[in-house]
Amino acid sequence: RYSLFYNHLKNIEENEGGLDKFSESYKTFGVNQLADGGIFCKEWAPGAEAVFLAGDFNGWNPFSHPYKKLEYGKWELFIPPGENGYPPVPHGSKLKVVIRTQNGELLYRISPWARYVVRDEDKVNYDWVHWNPPQSYIHKHPSPKRLKSLRIYESHVGIASPEGKVASYKNFTYNVLPRIKDLGYNCVQLMAIMEHAYYASFGYQVTSFFAASSRYGTPDDLKEMIDVAHSMGITVLLDVVHSHASKNSEDGLNKFDGTDYCFFHSGPKGTHQLWDSRLFDYANWEVLRFLLSNLRMWIEDYRFDGFRFDGVTSMLYHHHGIGTGFSGDYNEYFGLHVDEDALCYLMLANHMIKFLYPECITIAEDVSGMPALCRPVAEGGGGFDYRLAMAIPDKWIQIIKELKDEDWNMGNIVHTLTNRRYEEKYIAYAESHDQALVGDKTLAFRLMDAEMYTNMSVLSPLTPVIDRGIQLHKMIRLITHALGGESYLNFMGNEFGHPEWLDFPRRGNNESYHYARRQFNLTEDHLLRYRFLNAFDRDMNKLEERFGWLASPPAYVSEKHESNKVIAFERAGLIFIFNFHPFQSYVNYRVGIETPGKYPFVYLIFKYKILLDSDAAEYGGHQRLDHSTEYFSEEYPHNYRPNSVMVYIPSRVAIVLQNMDIPK
């Protein structure tokens, strides 16, 4: 693998002047404004007989502006400036690349490199609009320094409003970013930014890779949104889809030059059976240019701080993970079933990003557990910084669906939360957008279901179902946050137990926007219990910000008691204690701790106090713990720890204790 990567790197150096120049191709391909006012156009269409540019600027004459044919399927066109140096293609004018195929057919296509595409309300397909405003948005704020602890707020701009409509970049900038900051998240991961014709695809059927989705606003609106996020110290990641592309040909990449092999594998190999989309040919030189340039454009033009690569499992294997289970056996990761070209592309992408932008972050969405995916390329690894801990949400769903509370297995929970490859960083999450989508259920909805419609008001009785749901929702999120990885992710709205599911307008729901929104207003109503979950999520994040457990070494789990349903562990100098028992509380419960208490001829007694208590009134708890209580360490070994502390831990409660470092 490393040899293939090195050979690619060497060829790029010898033939393209290096990775830096190779990945700058977005500045020359497509339609680009020159300093003298002229226009330079370039395309790759290996199957074309001839290529032309048509649009508003030439009265849609399909033959007046022919491209010149170059080597290797490339075509270029120069249009001199107009009178007084005015650009011949005005800003906001519509364009098409006209392809004459080998059989003489004329195809009107959107350039794969188009920066802005829009769809009129009375049309089905998108139009390519030349974006070259007299004054583009100028970024005012530097990107935040690379974060040690990532607390990610997974977001979708279009649904980020309580109103039943497509929300805007402006709405996200001024209404959602302050909320994210207040909740203690320091990173926002943006979904569905790359233009996609079908809104209900959640952004995963990309049609224009270089265009920011126009349904939310203009490119400058997105730039402003990212700039404002940076002013708040929030890192911004793009959910990038390089694993496949939409099958659309009128307004997508598919059959751009009339062939099925331009950008993609030809025949059945080029189609994903489940997603009904096209699969890139990562061995193709121009595909590498296209994808690497795409990453660089999003960083340089929009100032994204990194990427979450979607569908990495599909890329890594020729079987795309379809009908395949992964047990961790190394034979599953090495062999002819691995797509070495795709893996090499991912290595090149990470190498380029780290070389040109050392502060940028990359995340892999891989369910297979490919070894070394998050180790440096120089070690033969994939080069990613983080990978998603995708087994964790599946485990919580399985537990809630299949087991009674008294049958929850503490050892199995701990194993799932701690089972990760050594020195590869994982992003833990209890649930993401996957669980919020129609056909699935969020944790809150699984726990409380129909009662969320009737009993979330503080004026109504606290029923056993609502009480259980609120308490377990907090505990599940805290233990996932503190034990499950080196970063944490939450999908927007799930922090407060957003009711119902997420469903985009489509034929099956009469094009309704009712479920394609986030009802943030629920947390602002003091008569609703959603505010309790919202407050707990905020304080949980703020506590991590203070103590940095995500950037600390993995936790030491001292207890996972099956009959007591208690889990206890230490991380970042804090003690985390969880009592999952549905009704049993414990007085004077002994918890083993590492606290260094022995010095020559001296034993120090350390005082502990509660920092976070899921049973507090402000979190919808039962206030069974006195926060003025002081807990003192003892030189009494317990559970293979040299010291211990005695605590009161009520049922369905999680507490976090801090060593106050006061010797007596």
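**Figure 1. Lining of the largest cavity in the predicted model.** The residues around this cavity are Glu154, Gln189, Arg308, Glu365, Leu388, Met390, Tyr429, Ser432, His433, Asp434 and Leu489. By class, the lining consists of 4 nonpolar, 3 polar and 4 charged residues. The volume of the largest cavity is about 60 Å³. In the whole structure, a search finds 4 cavities of 30 Å³ or more.

**Figure 2. Gln189, one of the residues lining the largest cavity.** Gln189 is part of strand 11, which covers residues 187–191. Its relative accessible area is 1%, so Gln189 is classed as buried. Beyond four places away in sequence, Gln189 touches Ile152, Tyr153, Glu154, Ser155, Leu237, Asp239, Arg308, Ile363 and Leu489. Among these contacts, Glu154, Arg308 and Leu489 also belong to the cavity lining. Thr259 is 70 residues from Gln189 in sequence, and their C-alpha atoms are 35 Å apart in space.

**Figure 3. The two positions with the UniProt annotation "active site".** The annotation comes from an unreviewed UniProt entry and covers Asp310 and Glu365. The two positions are spread over 56 residues of sequence but cluster in space, with a largest C-alpha distance of 5.5 Å. From this set, Glu365 is included in the lining of the largest cavity. Asp310 and Glu365 are in contact with each other.

**Figure 4. Surroundings of Asp310.** Asp310 sits in the loop that runs between strand 17 (306–309) and helix 6 (312–316). Asp310 counts as buried because its relative accessible area is 8%, below the 20% cut-off. Leaving out residues up to four places away in sequence, the contacts of Asp310 are Tyr204, Asp239, Val240, Val241, Ser243, Met315 and Glu365. One of these, Asp239, is also touched by Gln189.

**Figure 5. Surroundings of Glu365.** The loop between strand 18 (361–364) and strand 19 (386–388) holds Glu365. With a relative accessibility of 13%, Glu365 is buried.

**Figure 6. The largest pocket.** This pocket has a volume of about 790 Å³. It is lined by 31 residues, and those closest to its centre are Tyr204, Trp275, Asp310, Glu365 and Asp434. Both positions of the "active site" annotation, Asp310 and Glu365, are therefore among the residues closest to the pocket centre. Helix 6 and helix 10 (433–436) each contribute at least two residues to the lining. The lining is made up of 13 nonpolar, 12 polar and 6 charged residues.

**Figure 7. The second largest cavity.** Its volume is about 40 Å³. The lining is formed by Ile110, Ser111, Pro112, Thr207, Ser208, Asp251, Gly252 and Leu253. By class, 3 of the lining residues are nonpolar, 4 are polar and 1 is charged.

**Figure 8. Surroundings of Val206.** Val206 lies in the loop between strand 12 (194–195) and strand 13 (208–212). Its relative accessible area is 0%, so Val206 is buried. Val206 touches Met194, Glu195, His196, Val241, Ala245 and Ser246, with residues up to four places away in sequence not counted. Val241 is also a contact of Asp310. Trp408 and Val206 are 202 residues apart in sequence, with a C-alpha to C-alpha distance of 41 Å.

Technical notes:
Residues numbered from 1 in each chain as written. Predicted model: local features only at pLDDT ≥ 70, side-chain atom pairs only at ≥ 80, totals over all residues. Heavy atoms only, no water. 1 Å grid on protein atoms, 1.4 Å probe; cavity = no way out; pocket = protein on both sides within 12 Å on 5 of 7 lines; lining within 4 Å. Helix = DSSP H or I, 4+ residues; strand = E, 2+ residues; numbered from the N terminus. Buried < 20%, exposed > 50% of the residue type's maximum accessible area, 1.4 Å probe, protein only. Contact = heavy atoms within 4.5 Å. Points joined across faces, edges and corners; volume = space filled by probe spheres on them. Nonpolar A, V, L, I, M, F, W, Y, C, P; charged D, E, K, R; others polar.
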